[in-house]
Amino acid sequence: MKFRKFKSGTTEKMCWLLLFTVFCLCGRVWANTDYYRHTVFDNSLTSDTYFYSAGTSNGPSFLEQKDWRLPVDTKTFLTPPNALRLQWQSQPGGGWEAEVRLVTFRNRFPEMSGHNLYFWCFAPQPLSADDLPWLVLSTGREGLQVAEFPASFTDPLPMGKFTGDLPAGRWVQVRIPLSEFHSGSIYPFRPENLQNVVFHQGRSDGARHSLVVDEIRIDDDSAESREAALPVPGNVRAIGYDRHVEVRWDPVNSPALGRYVIYRSLDGKNFEPIGIQLPGTDRYSDFLGKSGVTAAYKVAASDVGYHQSPLSKAATTSTREFNDDELLTMLQEACFHYYWEGADPHSGMARENIPGDDRIVATGASGFAIATLVVGVDRGFITREQGVERLTKIVGFLEHAQRYHGAWSHYMDGSTGKTMPVFGMFDNGGDLVETSFLMQGLLAARQYFHGKAETEETLYHRISQLWETVEWDWYRDDANSDFIYWHWSAEWARQIHHPLVGFNEVMITYLLAMSSPTHGVPVDMYYSGWAGQSQPAIGYRGGWSGSTDGDHYFNGHTYYGIKLDVGVGTGGPLFFTHYSYLGFDPHRLHDRYTSSYFENNRNLALINRAYSIANPKHFPGYGPNAWGLTASDGPQGYVPHAPDDADDRGTLTLTGALASFPYTPEPSMTAFKHYYRDLGAQLWDVYGPRDAFDAGHNWISPIYMGLNQAPIAVMVENYRTGLVWKNFMSNPEITEMLRKLDALTAK
């Protein structure tokens with residue numbers, strides 16, 4: 001038996017972590033893919049119960065749980081700020097089980113890596129080996145662990161066999177070779193497919209026991225680092241905001257770096273560890289909850305062998321009440337960092353989500369990122385030279401990435417530019433919608449970075465070349481087709497035969513296709529395709545919405561006292577009003593069905609908010625200051641959340657209200673202040689507002705999404721100055737297209 005012990009309450013106990021593999025690129029980039037191939041549990045985003053857990057008991061046995069989930073301990077932990085608490089009583093004739101599941105998020109790499117199960121445990125009172133729980137591992141997600149191929153589970157294994165008796169008040173590291181676990185189901189147990197670690201009733205001694213569990217991992221044995229001690233993080237500074245402090249430091253560039261440990265003092269004397277940060281991110285957000293609070297911070301570097309550097313010098317700051325203008329700048333800068341420091345290091349492109357699969361960059365989200373880059377330069381978050389350098393990297397990547405008659409695929413490998421068919425084997429070609437989102441950002445940047453410097457002139461011409469080589473006209477069935485189609489693949493041709501029919505998020509595809517100076521489509525496709533009145537178009541709208549309201553494109557109905565000119569049903573998710581209008585100014589667009597797409601978008605947002613206030617399904621958390629139904633992950637996975645019975649699941653996506661600032665400035669500001677000032681302890685982090693939350697399920701999104709942070713930064717800027725709208729609309733091709741469309745509309 002081999003384990004390690006640390007005394008509770010010591011500095012070491014607070015900051016030491018289990019060994020995990022660190023992937024460094026120039027000492028700066030943390031590989032989320034690798035981290036989540038080892039991590040089962042590290043910390044909970046919620047401080048009362050852990051969402052990715054389950055607890056049940058039966059008969060006379062007892063297990064502490066709330067709403068069928070395990071409680072979180074915020075006082076005793078190995079890695080701040082929390083751990084899991086098991087409290088049980090095993091009785092004859094009864095049973096209990098506590099499940100700890102892998103965190104579910106999009107593009108989590110599907111395999112675990114390692115030959116041992118590790119976790120740490122802390123017993124408040126001594127525990128004999130015989131009284132400890134038994135362990136089962138499962139490749140099923142939850143519940144009865146039914147062996148549905150290829151899922152399987154293991155025979156129970158006594159935890160005490162590997163720990164011996166547990167002393168009181170000490171952290172003990174448990175190491176169990178995975179070879180000790182044998183399949184208990186009808187299929188082989190494959191540890192790389194692990195989904196669930198189950199603690200369950202062992203000996204029925206009738207006594208109440210408690211155990212705190214932290215840092216559950218799958219990993220290999222690794223020798224501790226024998227290198228010299230890591231240097232102390234330098235240039236630590238603390239910046240006070242309205243309700244939080246951001247701590248920044250210079251990176252420690254060492255392959256031995258495992259993590260940073262952040263300490264805080266509210267009295268200037270006693271520094272307590274409050275959290276960790278991963279290599280590659282040299283910032284930490286500490287939400288203090290009110291203005292007028294003074295706090296001091298120190299940072300330590302911790303290596304892969306758990307050896308901690310001395311603490312840095314202290315940096316002190318205070319929070320202060322921000323005015324609305326300062327709050328908006330704070331919001332934009334936080335969202336900007338997703339695309340600046342969170343970008344793929346090889347290509348500069350935006351990752352689909354963080355954390356996620358580090359290989360995957362998203363074409364559409366990268367277009368949004370480029371628009372955010374314009375905002376970042378104009379707001380002074382980075383210099384103009386830095387913006388040009390990043391955009392040049394992105395353009396260079398796009399020039400050599402795989403293209404399909406000029407269109408890029410939805411997802412690409414950020415290192416190679418090769419298509420990644422995330423949505424299946426037919427998704428291995430061009431995605432014209434994602435390409436249009438990308439081109440919208442590129443065209444805005446082409447006009448913004450059109451200075452006299454040679455680097456900017458070169459960039460202008462390179463972007464023009466990318467724009468002029470997108471073959472929009474190829475993405476029709478033929479020269480007589482009414483519709484533009486979403487996909488084309490060299491292997492599968494038009495197997496994904498998805499026509500683009502409005503009203504939804506893809507208006508920008510038609511607008512750009514009609515604007516192309518080299519491969520354009522006729523302007524009358526606006527009315528034959530996008531706003532088409534054919535039976536296929538009518539059936540398409542009614543099919544996805546389940547409503548006849550707006551199935552002819554024009555709606556005309558009133559919802560909550562608000563008239564909707566264009567839109568299906570009650571309007572759909574709010575990203576319909578965001579994605580096509582990051583660059584394209586809806587003030588400049590009208591047609592036969594509405595006099596102003598700006599006003600139509602405003603009404604869509606107002607209906608969305610009014611629905612949230614009415615809250616017909618009685619979900620907790622909704623109200624005048626909490627609204628914004630739009631697409632995001634939720635407790636049940638990805639859903640295009642919308643103000644209707646089918647697509648309202650109780651999840652609020654923060655970008656819904658925050659990216660609607662141009663349309664609803666006062667309601668959006670009210671929502672922002674609520675999300676930040678009232679809920680910021682859980683919803684605010686280094687990239688600003690977290691993606692989504694569900695108060696009824698006590699769920700907070702574990703990821704940030706590339707499609708959701710940029711609309712906040714860009715649309716807030718369009719509300720404040722119109723910057724991105726002005727630059728995109730200054731493209732002469734857009735002006736000419738609108739002239740033709742206006743003439744057609746007037747006929």
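View 1. Buried here means under 20% relative accessible area, exposed means over 50%, and partly exposed is in between (1.4 Å probe, protein chains only). In a regular strand, side chains alternate between the two faces of the sheet. E14 and strand E15 (residues 244-248) run antiparallel and are joined by four bridges, and a hairpin of three residues links E14 to E15. Look for Val247 in E15, the bridge partner of Ala238. Strands (E, at least two residues) and helices (H or I, at least four) are DSSP runs numbered from the N terminus, and two strands pair if DSSP finds at least two bridges between them.

A word on the model behind these views: it is predicted, so local features need pLDDT of at least 70 and side-chain atom pairs count only at pLDDT 80 or more, whereas totals for chains, interfaces and linings use all residues. Residues are numbered from 1 along each chain as its sequence is written, and side-chain values use heavy atoms, with hydrogens and water left out.

**View 2. Five strands form an open sheet with antiparallel pairing.** The order is E3-E7-E12-E9-E10. Strand E3 (53-58) and strand E10 (157-158) are the edge strands, each pairing on one side only. Six bridges join E3 to strand E7 (residues 95-101), and these two run antiparallel. Within this pairing, Gly55 has Ala98 of E7 as its bridge partner.

**View 3. Phe199 belongs to the largest nonpolar core.** This core has 197 residues, and Phe199 and Tyr526 touch the most other members. A nonpolar core is a set of buried Ala, Val, Leu, Ile, Met, Phe, Trp, Tyr and Cys residues joined through side-chain atoms within 4.5 Å. A second, separate core of 20 residues includes Trp249, Tyr260, Ile274 and Tyr284. Not counting residues up to four places away in sequence, Phe199 touches a group including Leu86, Trp96, Ala98, Phe119, Trp134 and Val213; contact means heavy atoms within 4.5 Å.

**View 4. Aromatic rings meet each other and arginine side chains.** The structure holds 42 aromatic pairs. In one of them, Phe619 and Tyr622 have ring centres 5.8 Å apart and planes at 45°, so the pair is tilted. Rings of Phe, Tyr and Trp (its six-membered ring) pair if their centres lie within 6.5 Å; planes under 30 degrees apart are stacked, over 60 edge-to-face, and the rest tilted. Both Phe619 and Tyr622 are buried. Elsewhere, ring pairs link Phe503, Tyr510, Tyr526, Tyr527, Trp530, Tyr553, Tyr593 and Tyr597 into a cluster. Arg208 lies over the face of Phe62, 4.0 Å from the ring centre, and the charged end of Arg390 sits over the ring of Trp340, 4.2 Å from its centre. A charge sits over a ring if NZ of Lys or CZ of Arg is within 6 Å of the ring centre and within 35 degrees of the ring normal.

**View 5. Backbone geometry to check: two cis peptide bonds and two positive phi values.** Most residues other than glycine have a negative phi, and most peptide bonds are trans. The bond from Pro80 to Pro81 is cis, with omega near 15°, and Pro81 is found in the loop between strand E5 (72-73) and strand E6 (83-89). The bond from Ile354 to Pro355 is also cis, with omega near -5°; Pro355 lies in the loop between strand E21 (353-354) and strand E22 (360-362). Asn107 has a positive phi of about 60° and is found in the loop between E7 and strand E8 (116-122). Glu215, with phi near 50°, is found in strand E13 (residues 208-219) and is buried, with a relative accessible area of 2%.

**View 6. The Asn718 side chain reaches two backbone nitrogens.** Asn718 lies in helix H16 (residues 706-720) and is buried, with a relative accessible area of 4%. A polar atom of its side chain lies 3.3 Å from the backbone nitrogen of Val724, and the side chain of Asn718 reaches the backbone nitrogen of Trp725 at 3.1 Å. A polar contact is a pair of N or O atoms within 3.5 Å; within protein, one must be able to donate a hydrogen and the other to accept it, and residues adjacent in sequence count only if both atoms are side-chain atoms.
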